[in-house]
Amino acid sequence: MQQPEPQSFDRVLSSMCTEPHPAAREAGERFLATNPGDPATYDAVASLEERAVELLATLADHPTPTEASGYVTSGGTEANVQAVRSARNRHDASDVNVVVPESGHFSFHKAAGLLDVELRTVPVDGDYRTRTDAVSAAVDESTALVVGVAGSTEYGRVDPIPELTRIAHDAGARMHVDAAWGGFILPFTGHEWSFDDAAVDTLTIDPHKFGQAAVPAGGLLARDAAALDALAVDTPYLETRSQATLTGTRSGAGVAGAVAAMEALWPDGYRDAVKRASGNADWLAAALADRGYDVIEPELPLVAASFPEPEFDALREVGWKISRTASGELRVVCMPHVTRGALRAFVADLDRIRA
Ligand SMILES: *Cc1c(COP(=O)(O)O)cnc(C)c1O
């Protein structure tokens, strides 16, 4: 029987994942049969995970990357769930709440449901950034966590992280930054988002998005060990005494691939990728604006524009994988696999459809 083929990335404009770097593929395959969930047995991959955390902490400007706490999660969802869980476990109140902007990823809704915490959703301003006045009004003594997004899923916006961090800490809450997608882009921009820009407690940063690692490789980082300690449970049948991860057995391929991608690409390869992607996003934004569409100025390499449904459907019909924001705008994520040539072909198809 013929082997089924995965989709080609040629027309994928909707995904926050991308083609893994060849080194990530190779390392992932080599470490397929390892389980970092059992570090006393699989010690080689356990050391690789320490290296992954150190590299991620370097990207996120942790003051002492070798001492950062964290682990390679199954993705941004697990990292966000764990950040909420950690903050809940560390808070004195029995009924805690978490303040999340409406631009926050839906994983926070999963977290709230799983952990039985109240989610307080606050509005964004006219440029899709969290309104700090709304956060100030929403926090109280039962707020365990304030979430800021650094590279929002729909519009690629960066919240005012230093200001949100001050509000969180003044209220006795912890501060979490969700940089699942933006974390590998922001080091090359002037945005304030990192451990160095603010007294952020925890941060999500996913190698399997702009980091060009293979799925599954997300990342949870913490400023200090206490955040991870608050997640640890005893592990009676393993040689190690406790486990802070949400999953038990997990993929050594994800860990090894993440390290391989970061060692190959940090910092120059990522800087080049961000430069190319940003150039492409600006090019597409201009091409759409030229054709009369209302474009939301890209800040990170993600383009959103008001777009009529028949044109959207016609583009999907000819094979373009495109997606929409909750308000129905076209959303194109300029990931590393999205070339200028692909975008030219996309716009040419759009012109044909409009003719
Ligand atoms: C993609 C994304 C997530 C979820 O990550 P998964 O790896 O899909 O679980 C969370 N937050 C943001 C901002 C994201 O872009």
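Leaving aside its neighbours within four places in sequence, Phe210 is in contact with Met16, Trp181, Phe184, Ile185, Tyr270, Ala273, Val274, Ala277, Pro301, Cys334, Met335 and Pro336. Contact here means heavy atoms within 4.5 Å. This is a predicted model, in which local features need pLDDT of at least 70 and side-chain atom pairs count only at pLDDT 80 or more, while totals for chains, interfaces and linings use all residues. Residues are numbered from 1 along each chain as its sequence is written, and side-chain values use heavy atoms, with hydrogens and water left out.

**Domains and cores**

- The chain is divided into domain 1 (22-265) and domain 2 (268-354). These bounds come from an automatic or database domain assignment.
- The C-alpha centres of domain 1 and domain 2 lie 28 Å apart. Their contact takes 25 residues from domain 1 and 24 residues from domain 2.
- The largest nonpolar core has 83 residues. A nonpolar core is a set of buried Ala, Val, Leu, Ile, Met, Phe, Trp, Tyr and Cys residues joined through side-chain atoms within 4.5 Å. Buried means under 20% relative accessible area, exposed means over 50%, and partly exposed lies in between (1.4 Å probe, protein chains only).
- Phe210 is among the residues with the most contacts inside this core, along with Trp181, Leu203, Leu221, Met262, Leu288 and Phe346.
- Helix H9 (residues 268-290) supplies the largest share of this core, nine residues. Helices (H or I, at least four residues) and strands (E, at least two) are DSSP runs, numbered from the N terminus.
- The core draws at least three residues from each of domain 1 (22-265) and domain 2 (268-354).
- A second, separate core of 14 residues includes Val81, Ala87, Leu115 and Ala144.

**Lys209**

- The unreviewed UniProt entry annotates Lys209 as "modified residue: N6-(pyridoxal phosphate)lysine". UniProt positions are given in the numbering used here, feature names are shortened, and annotations may be inferred rather than shown by experiment.
- Lys209 lies in the loop between strand S6 (202-204) and strand S7 (218-222).
- Lys209 counts as buried because its relative accessible area is 14%.
- Not counting residues up to four places away in sequence, Lys209 touches Met16, Cys17, Thr18, Ala180, Trp181 and Met335.

**Around the ligand**

- The ligand is surrounded by 14 residues; the closest are Gly76, Thr77, Asp178, His208 and Lys209. A residue is near a molecule if one of its heavy atoms lies within 4 Å of it.
- An N or O atom in the side chain of Thr77 is 2.6 Å from an oxygen atom of the ligand.
- For Asp178, a polar side-chain atom lies 2.6 Å from a nitrogen atom of the ligand.
- An N or O atom in the side chain of Asp206 is 3.3 Å from an oxygen atom of the ligand.

**His105**

- His105 is found in the loop between strand S2 (97-101) and helix H4 (107-115).
- At a relative accessible area of 16%, His105 is buried.
- The side chain of His105 makes a polar contact with the side chain of Ser107 (2.7 Å). A polar contact is a pair of N or O atoms within 3.5 Å; within protein, one must be able to donate a hydrogen and the other to accept it, and residues adjacent in sequence count only if both atoms are side-chain atoms.
- His105 also touches Thr77, Thr153 and Asp178, not counting residues up to four places away in sequence.

**The loop between S6 and S7**

- Gly211 is found in this loop. Gly211 counts as buried, at 1% relative accessibility.
- Gly211 touches Phe184, Asp206, Ala261, Leu265 and Tyr270, not counting residues up to four places away in sequence.
- Gln212 lies in the loop too. Gln212 is buried, with a relative accessible area of 10%.
- Pro216 is another residue of the loop.

**Backbone exceptions**

- Most residues other than glycine have a negative phi, and most peptide bonds are trans.
- Phi of Gln212 is near 60°, a positive value.
- Asp116 has a positive phi of about 60° although it is not a glycine. Asp116 is found in the loop between H4 and strand S3 (118-122). At 71% relative accessibility, Asp116 is exposed.
- The peptide bond from Val215 to Pro216 is cis, with omega near 5°.
- The peptide bond from Trp266 to Pro267 is also cis, with omega near -5°. Pro267 lies in the loop between helix H8 (252-265) and H9.
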